[in-house]
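Me: Please look at the structure shown here. I would like to work through some questions about it.

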Amino acid sequence: MRQLRFLLMILPLVLFAGIAFAQKKEITGTVTDLGTGKPLGGVSIVAGKDKGGATTKEDGSFTISVGQNIKVLTFSSVSYTPQTITLAGKTKVDVFMVSETVTQNEVVVIGYGTQKRSNVSGAVSKYKNDRIDETPVSRLDQALQGKIAGVNVQNVSAEAGADPKINIRGISSINYHQCSTIGGN
């Protein structure tokens, strides 16, 4: 009887401790560009060293659920310097991202690595169109069709959304998804 009474007293304490340990807190806020003051959408947010995370909406707002033991949030986006923010009990965090200035040399992607353009001995084609967003196409392959010497784009299926066959001088039959990852962003 005594053991049963002891067990009934201890059981709620153990359950309460488990619930308190598993609690999460919700962090909200906005991310904006420090230079322009405009909200940034698509910024990646990682809580501590946890896997997963969140991204900001188009208006720069975000909500992320983190464990009680998480002390920092890391914000990162292409062409911005990553920001690490200490939470210190905060539930609302506003972050200002600083644009990262990077000087770029022209790099050529070759079949087995990358080289500076000045070191390439073969033929290099470059397509530069500042008004590509005004072109009435929905995919990269359609924008390149007939624009670069040595690149042959063929639609091999009449099915909507089917990948085209793209032949690049010396490389045969890469699919659209491979082509869109060759050039980076």
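Me: Is Thr32 buried or exposed?
Reply: In this predicted model, Thr32 lies in strand β1, which spans residues 24–33. Its relative accessible area is 14%. Buried means under 20% relative accessible area. Therefore Thr32 is classed as buried.

Me: Which residues does Thr32 touch, not counting residues up to four places away in sequence?
Reply: A contact requires heavy atoms within 4.5 Å. With residues up to four places away in sequence not counted, the residues touched by Thr32 are Gly37, Lys38, Pro39, Leu40, Val95, Phe96 and Met97.

Me: How does Val98 count in terms of relative accessibility: buried, partly exposed or exposed?
Reply: Val98 is found in the loop between β7 (92–97) and β8 (107–110). Its relative accessibility is 35%. Buried means under 20% and exposed means over 50%, so Val98 counts as partly exposed.

Me: What accessible area does the nonpolar patch on the surface have?
Reply: The patch is formed by Leu34, Phe96 and Val98. Together, these residues have an accessible area of about 280 Å².

Me: Which strands stand at the edges of the open sheet of 4 strands?
Reply: The strand order is β3-β2-β5-β6, with antiparallel pairing. An edge strand has a single partner, so one of its sides is left without a neighbour in the sheet. The strands in this position are β3 (54–55) and β6 (83–86).

Me: What is the bridge partner of Ile45 in β3?
Reply: Strand β2 (residues 44–47) runs antiparallel to β3, and 2 bridges join them. In β3, the residue bridged to Ile45 is Ala54.

Conventions. Residues are numbered from 1 along each chain as its sequence is written. This is a predicted model: local features need pLDDT of at least 70, side-chain atom pairs count only at pLDDT 80 or more; totals for chains, interfaces and linings use all residues. Side-chain values use heavy atoms; hydrogens and water are left out. Two strands pair if DSSP finds at least two bridges between them. Patches are made of residues with over 30% relative accessible area and no salt bridge: like charges are joined within 9 Å, nonpolar side chains (Val, Leu, Ile, Met, Phe, Trp, Tyr) within 5 Å. Accessible areas come from the Shrake-Rupley method with a 1.4 Å probe; for residues, only the protein chains shown count as cover. A salt bridge is a side-chain nitrogen of Lys or Arg within 4 Å of a carboxyl oxygen of Asp or Glu. Buried means under 20% relative accessible area, exposed over 50%, partly exposed in between (1.4 Å probe, protein chains only).
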